[in-house]
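Subject: Structure handover

Hello,

Here is the structure for you to look through. Please open it first, then read my notes below.

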Amino acid sequence: MAKFTTLTSHAVPLPEENVDTDQIIPARFLKVTDKHGLGDSLFCDWRYLKDGSDNPNFVLNEPASQGAQILLAGNNFGSGSSREHAPWALVGWGFRAMISTGFADIFKSNSLKNGLLPVEVSEPVYKALMEAVQGDRSTKITIDLPTQSVTALGSLETTFPIDSFSKHCLLEGIDQLGYLLSFDDQIARYEQQRP
Amino acid sequence: MQPRTLFQKVWDEHVVVEEPDSPAVLYIDLHLIHEVTSPQAFTGLRERGIEVRRPDKTIATMDHSTPTLPKALWVIDDQAKAQLGQLERNCKDFGIELYALGDSRNGIVHVIGPERGFTQPGKTIVCGDSHTSTHGAFGALAFGIGTSEVEHVLATQCLLQRKAKTLEVRVEGQLMPGVTAKDIILALCAEIGTGGGTGHVIEFTGSAIRSLDMEGRMTVCNMSIEAGARAGMIGPDETTFEYLEGRDHVPRGADWDAAVERWRQLRTDEGATFDKTVVIDANKLEPMITYGTNPGMGMQISEPVPTRERFEDASQQAAFEKAMGYMNLQPGQPLLGKRIDVVFIGSCTNSRISDLRMAAGVFSGRKVADGVRTLVVPGSHDIKKQAEAEGLDQIFKDAGAEWREPGCSMCIAMNGDNLEPGQYAVSTSNRNFEGRQGKGGRTFLASPLTAAASAVKGEVTDPRSLLLS
Ligand code: SF4
């Protein structure tokens, strides 16, 4: 997994609430057998017109969105299906972090395992960021994982929660399976005690 | 000992290692896999050169992209075919039992787990599928995981987990005729919203839950995830034991008695507390239906679609308006009488025998309205056989509905069963997200009774108007 320490980037504003993983990546793209190449299908049904051309009204297609690594999204982002294809598609497009007032549980857990940082902020902070980013699409936001802080606009500074284990894994680029495998003895002992 | 909740008891039983500042290592008793969310996990195992730790605790099925047309086992496209082929190869290479397409035990993953008796009280159960919450109906701790975690469980039979908070949903009273388990859970989603249960495991309690049969309880737990909760649980009781006794993979004889004795302890203790409680009055429930593009956008079927003013803040209002645009509905107008194009009766929410019996009860002696396409898709081959033995298939066919082979079908529209752009469907499945049942398709979620009644009338219909007439 790629390490995450500090990220400064402009952001893509997506103010909708409850964006579900069926929107992030529709089910017809789930027939793949690897994790790569899903970035082109990210938000497919919002992003492309019937004839397959880009929908100019969808934020991801705006020139100002290009190169952005932060997604600024409405509350309860990533609800619904457990498909890890959702973070794979977001990462495939180029996102490294998401800022919202809340993320759905499974989606959050999946994102953390793919080096995609979910940053939870308060409603007023979210609103201030959204206003700033929509007002000026070149607004830069800095997310610093060691200090768990978000800064922007020179004046806005806030912290965000992350559990210490996930933080450690992201900072070091540790993959969790390696860690889990180190408990082999305890797992074997547990299995012996069970009927 | 401190009084504990059902969730806490199952959690405690399965903790392998718990250290401060780290997530617990939680042991998993049953791992269900299917074609869509497992291929990358097996690739990971191969890359690391590790085996599946407990193939004996792993069961595979094919369901998401499988065809449902009778006797035509063609698969929608080459990509889906490759994915199914890969599951077959993975199961063979790693020694995992697979209920492949065509196997008489094949069906939707959350239908066959309980049906074959793999799902049992007190177990921890996971699957790369959010509706794993279904199995909580038996007092198991069951939740959906992502593909990375599928790999973790294949490799170690464990997961790194943080303990969730608990939410009690107490449903007291008695359901009126025409009101079903599906209406209970749709009412909960409407009440707390799709994010209302985030971070929580729900325990459903109360007299209305106790009086549900196991299939109704599964319907309720199935959609816990639509209220944002990862898992839903119901304490096991005589209804649970009666359902399980004699099934393929449950203990027999003295082992059975011992198991039941153990399972009886799986009750939330007197005095144990929940982090939150929501109370629903079953006596007041009516048939529910969704009008919008997430399962929380639901209402009583006799109500008009809400108006913008019902929502407090600007972003909720924006979401509501976007949903109205997608659904092409007028705020403030009734949904009753709205013309529909398709009715789908199926999915891991409502494809069990009691669901089919409910629908058949409505269809009996009646016809599907002209211009409405109706699909009835049983959840498994066992259910299909049972329905055919009872003559339900004939009732569906006589009414003009299509009687299909088991699978997820139009719930996720990966197999060629899908809505066309702009079509309206009344569906017994669990998600009304934009495009979920086919690109541009519009879904009203409801119970099997409401779906069948709507098929007969060709419009959104209160089932009580047919049942009571
Ligand atoms: S029926 Fe629908 S919700 Fe259930 S497992 Fe299949 S696709 Fe998922």
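Ground rules first. This is a predicted model, in which local features need pLDDT of at least 70 and side-chain atom pairs count only at pLDDT 80 or more, while totals for chains, interfaces and linings use all residues. Residues are numbered from 1 along each chain as its sequence is written, chains are lettered from A and ligands numbered from 1 in the order in which they are written, and side-chain values use heavy atoms, with hydrogens and water left out.

Salt bridges

A salt bridge here is a side-chain nitrogen of Lys or Arg within 4 Å of a carboxyl oxygen of Asp or Glu.

B:Lys322 pairs with A:Glu16, with the closest N and O atoms 3.1 Å apart. This pair joins two chains, because B:Lys322 sits in helix α11 (residues 314–327) of chain B and A:Glu16 in the loop between β1 (6–14) and α1 (21–24) of chain A. Helices (H or I, at least four residues) and strands (E, at least two) are DSSP runs, numbered from the N terminus. B:Lys322 is partly exposed at 31% relative accessibility, and A:Glu16 is partly exposed at 22%. The cut-offs: buried is under 20% relative accessible area, exposed is over 50%, and partly exposed is in between (1.4 Å probe, protein chains only).

B:Arg53 forms a salt bridge with A:Glu191, closest N and O atoms 3.0 Å apart. B:Arg53 lies in the loop between α2 (39–48) and β4 (58–61) of chain B and A:Glu191 in helix α8 (residues 184–193) of chain A, so this pair also joins two chains. B:Arg53 is partly exposed at 22%, whereas A:Glu191 counts as buried at 19%.

Within chain B, B:Arg210 and B:Asp237 meet at 2.6 Å, N to O. B:Arg210 is in helix α7 (residues 207–210) and B:Asp237 in the loop between β11 (231–233) and α9 (238–244), so the pair ties together parts that are 27 residues apart in sequence. B:Asp237 is buried, at 10%. Elsewhere, shared partners link A:Asp184, A:Glu191, B:Arg53, B:Arg54 and B:Asp56 into one salt-bridge network.

Helix pair

In chain B, α12 (residues 353–363) packs against α13 (residues 381–389) at about 40°, with the axes 10 Å apart. Axes are lines fitted to C-alpha atoms, for helices over the stretch in contact, and angles run from 0 to 180 degrees between N-to-C directions. B:Ile353, B:Leu356 and B:Arg357 of α12(B) meet B:Ile383, B:Gln386 and B:Ala387 of α13(B). Contact means heavy atoms within 4.5 Å.

Sheet

Chain B has an open, parallel sheet of 5 strands, in the order β17-β16-β15-β18-β19. Strands pair if DSSP finds at least two bridges between them. β17 (402–403) and β19 (442–445) of chain B are at the edges with a single partner each, so one side of each has no neighbour in the sheet. β15(B) (residues 342–345) and β16(B) (residues 373–376) pair over 4 bridges. There, B:Val342 stands opposite B:Arg373. α12(B) lies across β15, β16 and β17 of chain B, at about 140° to β15(B).

Buried position

A:Val119 is in strand β4 (residues 117–120) of chain A. A:Val119 is buried, at 0%. Residues touching A:Val119 include A:Met98, A:Phe103 and A:Phe160.

Best wishes

Terms used: Lists of a residue's contacts leave out its neighbours within four places in sequence.
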